[in-house]
Amino acid sequence: MFFVKKDEEKEQFACIIFVEDPIMIVTEQHEEVTLEKLLHGGFEAAYTKSKLYKLMDLFYQYLSPTNMRITPQELVELLEPVLISGKINKRSRDI
């Protein structure tokens, strides 16, 4: 599940990384916080039917947000237009 905080300047996003007690969230700034702290900080749950967000949710569940490796070119093409921060490193066999 994704969370969003709408500031006057821009939107900030966060995603669940650990679902046991306590539920842990990682923000765009790579800060790990509890769900309770995140909600008190002004974030709200962001529900979407986008297949891309469902795919990213699976990545966060099975991989870590710091080191994701993707092979199919189609996935890379889906990710490039919506990349908010970080970078996509293209290699000869994977990403």
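Modeller: A patch joins residues with over 30% relative accessible area and no salt bridge: like charges within 9 Å, nonpolar side chains (Val, Leu, Ile, Met, Phe, Trp, Tyr) within 5 Å. Leu 58, Tyr 62 and Leu 63 make such a patch, a nonpolar one of about 320 Å². Accessible areas here come from the Shrake-Rupley method with a 1.4 Å probe, and for residues only the protein chains shown count as cover.

The model is predicted: local features need pLDDT of at least 70, side-chain atom pairs count only at pLDDT 80 or more, and totals for chains, interfaces and linings use all residues. Residues are numbered from 1 along each chain as its sequence is written, and side-chain values use heavy atoms, leaving out hydrogens and water.

Look at Leu 63. This residue sits in the loop between helix H2 (51-62) and helix H3 (73-79). Helices (H or I, at least four residues) and strands (E, at least two) are DSSP runs, numbered from the N terminus. Leu 63 counts as partly exposed because its relative accessibility is 34%. The cut-offs are under 20% for buried and over 50% for exposed, with partly exposed in between (1.4 Å probe, protein chains only).

Now set the patch in its chain. The protein chain has 95 residues, and 27% of them are buried. Its accessible surface is about 7400 Å², and carbon and sulfur atoms hold 52% of that. The chain contains three helices and five strands. Read from the N terminus, the order is β-β-β-β-α-β-α-α.

The five strands form an open sheet in the order S4-S3-S2-S1-S5, paired antiparallel. Strands S4 (32-34) and S5 (44-46) are at the edges with a single partner strand each, so one side of each has no neighbour in the sheet. S5 pairs with strand S1 (residues 2-6) over three bridges, in the antiparallel sense. Two strands count as paired if DSSP finds at least two bridges between them. Val 4 has Glu 44 in S5 as its bridge partner.

Charged side chains come next. The whole structure holds one salt bridge. That term means a side-chain nitrogen of Lys or Arg within 4 Å of a carboxyl oxygen of Asp or Glu. Here Glu 31 and Lys 37 are the partners, with their closest N and O atoms 3.9 Å apart. Glu 31 is partly exposed because its relative accessibility is 40%. Lys 37 is exposed, at 51%.
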